[in-house]
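Here is a short report for a reader new to this structure. Look at the sequence and the model first, then read on.

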Amino acid sequence: MTNRQILDELKQKLSFVGIDEASSDAWLLFSGVTGMSRTDYLLSANEEWENSFSEKLCEAAKRRCRREPVQYILGKAYFMGFDFEVGPCVLIPRFDTEVLVGEALAAVGEDSEVLDMCTGSGCIAISVALLSRVRSVTGADISETALLFAERNRERLGADNVKFIKSDMFGKISGTYDMILSNPPYIKSADIEGLMSEVKDCEPRLALDGHEDGLFFYRILAKEGFGHLKPGGHIIMETGCEQAAQVCELLEQYDYTDIRVVKDLAGLDRVVCGRRK
């Protein structure tokens, strides 16, 4: 069989079991296993398939058919132009979260000190550090496993001005910052079972569950974050598309100013920004 036939067969297999993004997922698995770029594939599509890859690709296909996310199968996810190591105990970085990073980069000042709460893989903290001239970024998370991934990502990507600490929200946080960023758990507990299998069965519930109304962590961020922001400091948070108005109300309650909502590329409310007076 040729490389083209192998890729087509993989697409059909994923489509048969109902994978919505069968074509793109098949390519990601094929490329991840073989190391081929799009150009490599176009130049060798009609060449004989290299059998040494067969066992690995077959196993990857079986895992995807069981609804395991492609990112966990390959062990990496792409975000802001960087690839981050991920595994089953860390939330997979989403494209929507790049909206948050974009807002942070537009607002952050040179030599600023930044806090990334609920850092997970460290994708937000590391991206901000690498794409700006901030003095330092501190990433905090309660999950020791997530912090192991974050630290590996920091070392591999060379983000020397980033550090990670284990903290239950602000429990171990001291001092004040020019900016607080967060993509906290925000899904209502009752809604988690209705999520697609790739999310509810594979990604860590700790990183998804925003408790009864999904706003549990925003209340903490709004209330306690104020005391950890320098005057004029920014708070920028990702939200569920139906939560932005409520998060804005929380910021108003704690006397933040310049409160606004930023939409994602689909036109949905995605990020809430505020500033300490």
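## The model

This is a predicted model.

Helix H11 spans residues 244–253. Five of its residues are buried: Ala244, Val247, Cys248, Leu250 and Leu251. They cover an arc of only 155° around the axis, so they sit on the same side of H11. The general rule for such helices is simple. An α-helix has 3.6 residues a turn, so residues three or four places apart point the same way.

## The largest pocket

The largest pocket has a volume of about 660 Å³. Its lining counts 26 residues, and the closest to the centre are Glu21, Asp25, Arg64, Val70 and Gln71. By class, the lining holds 13 nonpolar, 3 polar and 10 charged residues.

Which elements each supply at least two residues of this lining? They are helix H2 (22–34), helix H5 (70–74), strand S1 (76–79) and helix H9 (197–200). The largest share, 4 residues, comes from S1.

## The second largest pocket

The second largest pocket holds about 430 Å³ of space. It is lined by 31 residues. Nearest its centre lie Cys118, Asp141, Pro185, Leu206 and Ala207. The lining divides into 19 nonpolar, 8 polar and 4 charged residues.

## Aromatic rings

The count comes to 9 aromatic pairs. One of them joins Trp49 and Phe53. Their rings are 6.0 Å apart, centre to centre, with 55° between the planes, and the pair is tilted. Trp49 is buried, at 7% relative accessible area. Phe53 is partly exposed, at 25%.

Why is the pair of Phe79 and Phe84 edge-to-face? Their planes stand at 70°, and planes over 60 degrees apart count as edge-to-face. The ring centres are 6.2 Å apart. Phe79 is buried, with a relative accessible area of 0%. Phe84 is also buried, at 0% relative accessibility.

Ring pairs also build a cluster. Its members are Trp27, Phe30, Tyr41, Trp49 and Phe53.

Technical notes: Residues numbered from 1 in each chain as written. Predicted model: local features only at pLDDT ≥ 70, side-chain atom pairs only at ≥ 80, totals over all residues. Heavy atoms only, no water. Buried < 20%, exposed > 50% of the residue type's maximum accessible area, 1.4 Å probe, protein only. Arc of directions from axis to C-beta. 1 Å grid on protein atoms, 1.4 Å probe; cavity = no way out; pocket = protein on both sides within 12 Å on 5 of 7 lines; lining within 4 Å. Points joined across faces, edges and corners; volume = space filled by probe spheres on them. Nonpolar A, V, L, I, M, F, W, Y, C, P; charged D, E, K, R; others polar. Phe/Tyr/Trp six-rings, centres within 6.5 Å; stacked < 30°, edge-to-face > 60°.
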